[in-house]
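Dear colleague,

Please find below the structure that I am handing over to you.

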Amino acid sequence: MDVLGFVKEFNGILWNSFLMYALLGVGIFYTIYLGFPQIRHFNLAMKYAFGPAMRRKKGEEGKSKVNSFQALATAVAAQVGTGNVAGIATAISMGGVGSIFWMWISAILGMGTIFSEAVLAQKYREVRPGGAIGGPAFYIREGLGLKWLALFFSIAFITYVGFTGSMVQANSITVALTTAFDIEPWVVGVGIALIVGIVIVGGQKRITTVAELVVPFMAIAYILGSLVIMCIYFDQIPQAFAEVFREAFSTKAAAGGAAGIAMKYAIRYGVARGLFSNEAGMGTSPHAHAMAEVKDPAMQGFVAMSGVFITLLICTSTALVILLTGVHKQPGLESTAITQEAFDMVFGKAGIIFLQVSIFFFAFTTIIGNYIFGEMNVRSLFGKVGVYVFRAVVIGSVFVGAIFAVTFVWEITDTVTGLMVIPNIIALIFLAPQTKAAYKNFLKKRSAGEID
């Protein structure tokens, strides 16, 4: 077996046999342990997430501080990537229409997980002159007292952001732009590296500002584009939803297998792609939520839940576009090509351009969002000098990833991502009592009128 084959097999065991169930289990645990906060207090998630954006005042928080909406935008920048287009299409093609239902379930459960991540990130963050920093490495080191495990997470995360993650996202941008426009890959590489460089050298403040401006536009534009298709096929929407619910619990055989295999595939691919799209439990978004200035840690926990809801809307938009146009029934289409065919069917060449530009923004914001998270870990381990080196590495990786399509790097990305999830899950399990205590304290203060 060659190296690539070994890595693929290892990833299959790591994700399909362990991490997928571990992440789902943590979501179920927190949902029950906290008493279904994502359902009982969904209104608070919307209020705390979007309230700061609606009532911005000049000088309200001070120029160096980040409000909860900016933190949310930065988190969503990293969460919303190409998986929201390619991942959902793959889930439908591999797991059937019923996988969409299980994607919804994984998102709802993921809200419980990400609530805990944000609360712990707030609790164990460090406030420095350049802004607050925090994340899994901080609550693993300070909360669990396991410095070696915190170091393990940081190294895995730095590797992911500095090398593999940046390369695969840059490659997605190249594919998108060369598909929509007649541009040479090296030109795209230079352009992406230049834009990424300009944004990341501005540090935390510039990245959160860019995220605050780009992410809402990016999400709303894509959802509106999908809504146009939904309006055209409006009469078929009830049938599409009925098919989703029916296939989610189907007991029929799939590909000649035993009865019930179709449902097994739907759960497997729906849950897996759902977790990859919202990143709940993966340890990425806590870095963003640690930056926010809020009155209580639980408030940012609710804000974090709204981030999962946003990814759910985008993923559902992709799913409905595919189901309503029926492109998932066409043979020979895979991944992004499925979604592209749907937009092409309705809008023609303009639809392809719209989708590829959307993918550009999804991938670009993922690069800069993950960068700031990686910088937090680098700054904690190596100081200011390490940050300069890290910036150069990220810019170089973006350029290399844009001009070379390396299958091996995509596989290594899955491996590194899995390795950084393990310590985060361990921390979430053992620090659960602290999350619950913070949640109860918030409810107590709110009932006393101390928090709106």
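I begin with E126, which is partly exposed, its relative accessible area being 24%. Please note that the model is a predicted one. The partner of E126 in a salt bridge is R128, and the closest N and O atoms of the two lie 2.6 Å apart. R128 is likewise partly exposed, at a relative accessible area of 29%.

Salt bridges elsewhere

Across the whole structure, the search finds 8 salt bridges. One of them is formed by E293 and R125, with 3.3 Å between the closest N and O atoms. This pair connects distant parts of the chain, as 168 residues separate the two partners. E293 sits in the loop between α13 (286-291) and α14 (297-325), whereas R125 sits in the loop between α6 and β1 (126-128). Are the two partners buried or partly exposed? E293 has a relative accessible area of 24% and is therefore partly exposed. R125 has a relative accessibility of 19%, so this residue counts as buried, the limit for buried being under 20%.

A further salt bridge is that of R246 with E247, where the closest N and O atoms are 4.0 Å apart. E247 is buried, because its relative accessible area is 19% and buried means under 20%.

Helix packing around α6

Two packed helices are described by the angle between their axes and by the distance between those axes. Helix α6 (residues 99-123) packs with helix α11 (residues 237-248) at an angle of about 85°, and their axes are 7 Å apart. The two helices are therefore roughly perpendicular, since angles of 65 to 115 degrees fall in that class. On the α6 side the contact is made by I100, F101, W102 and W104, and on the α11 side by F241, V244, F245 and A248.

Helix α6 also meets helix α5 (residues 86-95): their axes come within 9 Å and cross at roughly 130°. How are α5 and α6 oriented to each other? They are oblique. The residues in contact are I88, A91, I92 and G95 of α5, together with S99, I100 and M103 of α6.

A nonpolar patch on the surface

On the surface, a nonpolar patch is formed by F181, I183, W186, V187, V190, F399, V400 and F404, which together have about 680 Å² of accessible area. The elements that contribute two or more residues to the patch are α9 (185-200) and α16 (349-403). Which element gives the largest share? That is α9, with 3 residues. F181, one of the patch residues, is located in the loop between α8 (147-180) and α9. The relative accessible area of F181 is 35%, so F181 is partly exposed.

A pair distant in sequence

Finally, I would mention K47, which is placed in helix α3 (residues 42-54). K47 counts as partly exposed, at 40% relative accessibility. In sequence, K47 and S306 are 259 residues apart, while in space their C-alpha atoms are 9.5 Å apart.

Yours sincerely

Note on methods
Residues numbered from 1 in each chain as written. Predicted model: local features only at pLDDT ≥ 70, side-chain atom pairs only at ≥ 80, totals over all residues. Heavy atoms only, no water. Patch = residues over 30% accessible without salt bridge, like charges linked within 9 Å, V, L, I, M, F, W, Y side chains within 5 Å. Areas by Shrake-Rupley, 256 points an atom, 1.4 Å probe, with all protein chains shown as cover. Salt bridge = Lys/Arg side-chain N within 4 Å of Asp/Glu carboxyl O. Helix = DSSP H or I, 4+ residues; strand = E, 2+ residues; numbered from the N terminus. Buried < 20%, exposed > 50% of the residue type's maximum accessible area, 1.4 Å probe, protein only. Axes fitted to C-alpha atoms, helices over the stretch in contact; angles between N-to-C directions. Parallel < 35°, antiparallel > 145°, perpendicular 65-115°, else oblique. Contact = heavy atoms within 4.5 Å.
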